[in-house]
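Please look through the structure shown here slowly, keeping the sequence beside it, and follow the paragraphs below from one residue to the next.

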Amino acid sequence: MGYLGGDEYFDIHGYKKKPEIFPGEWITGINNKMRHEALWWTIEDFDYRGTWQRAINARAETIQKVQMFREAFATDRVLIPASALFEWHTNADKTKTKYEISFNEPLFAFAGIARDCEIKGEVKRCTVIITTRPNDIFAEIHNSKQRQAVVIRESDYDRWLDRQAKPDHLKELFSPMPNEETHARIAELENRVPTLFDL
């Protein structure tokens with residue numbers, strides 16, 4: 001399962017080459033049956049006010065309260081494998097610098113949830129990635145939003161995917177990755193490292 005080195009990644013359709021993945025595209029997820037599947041990276045639905053909403057991330061602090069995420073968090077959690085991600089730093093002159101961020105493990109997994117959504121008349125299996133408060137490195141880099149994606153450690157994969165796990169007992173997995181396990185560098189825009197998420 002997961003993403004490969006070089007400029008290749010693997011999903012249910014086989015090996016593909018793609019330098020970067022964006023919201024509104026198909027990405028690979030690992031479901032609670034420990035099988036990989038294609039997921040559409042955006043959830044769309046009506047909110048409690050009846051307003052149509054589109055989301056690519058879900059806040060860990062409110063995921064159990066938000067109507068479009070609540071049931072999926074309780075019963076349909078997924079892992080989103082990746083090798084790194086991109087974040088933007090807003091400079092004093094309002095320009096932006098793109099950073100590549102990775103962790104100690106060469107391949108890791110973001111915490112995600114999945115559910116069916118109707119998008120432009122078509123039912124798709126959709127996903128969002130959960131975000132939490134930032135560690136010091138993310139706070140410095142992602143200074144406009146002050147968030148970071150939740151990373152699930154390999155030792156917690158089974159726990160995260162277990163449909164019997166009580167949502168309240170999963171909240172400790174929402175802690176940000178420690179500073180010492182987070183590695184950042186300015187991204188090479190011409191020869192960028194592949195299979196990265198831009199959150």
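Predicted model: local features only at pLDDT ≥ 70, side-chain atom pairs only at ≥ 80, totals over all residues.

As background, nonpolar side chains in soluble globular proteins tend to be buried together.

The model has eight aromatic pairs, and in the pair formed by Phe73 and Trp160 the ring centres are 6.1 Å apart while the planes meet at 50°, so the pair is tilted. Because Phe73 lies in helix 1 and Trp160 lies in helix 3, this pair ties together parts that are 87 residues apart in sequence. Both Phe73 and Trp160 are buried.

Phe103 and Phe108 form another aromatic pair, this time edge-to-face, with 4.9 Å from centre to centre and 90° between the planes. Phe103 has a relative accessible area of 5%, and it therefore counts as buried, while Phe108, at 2% relative accessibility, counts as buried too. These two residues, together with Phe110 and Phe138, form one aromatic cluster.

Which residues does Phe138 touch, if those up to four places away in sequence are not counted? They are Leu85, Glu87, Ile101, Phe103, Asn143, Arg147, Gln148 and Thr182. Phe138 has its place in helix 2 (residues 136-141), and its relative accessibility of 1% means that Phe138 counts as buried. Although Phe138 and Glu87 are 51 residues apart along the chain, their C-alpha atoms are separated by 8.4 Å.

Arg147 and Gln148, which Phe138 touches, are also in contact with Thr131. Thr131 is found in strand 13 (residues 122-132), and with a relative accessible area of 7% it is buried. Leaving aside neighbours within four places in sequence, the contacts of Thr131 include Ala149 and Val150, and also the run of Asn57, Ala58, Arg59, Ala60 and Glu61.

Asn57 and Ala58 lead on to the largest pocket, where they are listed with Ala55, Val66 and Phe69 as the closest to its centre, out of 15 residues that line it. The volume of this pocket is about 240 Å³. Strand 7 (52-55), strand 8 (57-59) and helix 1 (67-75) each supply at least two residues of the lining, which by class has six nonpolar, five polar and four charged residues.

Finally, consider the chain as a whole, which has three helices and 17 strands. Buried residues make up 48% of its 199 residues. Among contacts between residues at least 6 apart in sequence, 65% join residues at least 24 apart, and the pair of Phe73 and Trp160, whose parts are 87 residues apart in sequence, gives one picture of such a link.

Key
Residues numbered from 1 in each chain as written. Heavy atoms only, no water. 1 Å grid on protein atoms, 1.4 Å probe; cavity = no way out; pocket = protein on both sides within 12 Å on 5 of 7 lines; lining within 4 Å. Points joined across faces, edges and corners; volume = space filled by probe spheres on them. Helix = DSSP H or I, 4+ residues; strand = E, 2+ residues; numbered from the N terminus. Nonpolar A, V, L, I, M, F, W, Y, C, P; charged D, E, K, R; others polar. Buried < 20%, exposed > 50% of the residue type's maximum accessible area, 1.4 Å probe, protein only. Contact = heavy atoms within 4.5 Å. Phe/Tyr/Trp six-rings, centres within 6.5 Å; stacked < 30°, edge-to-face > 60°.
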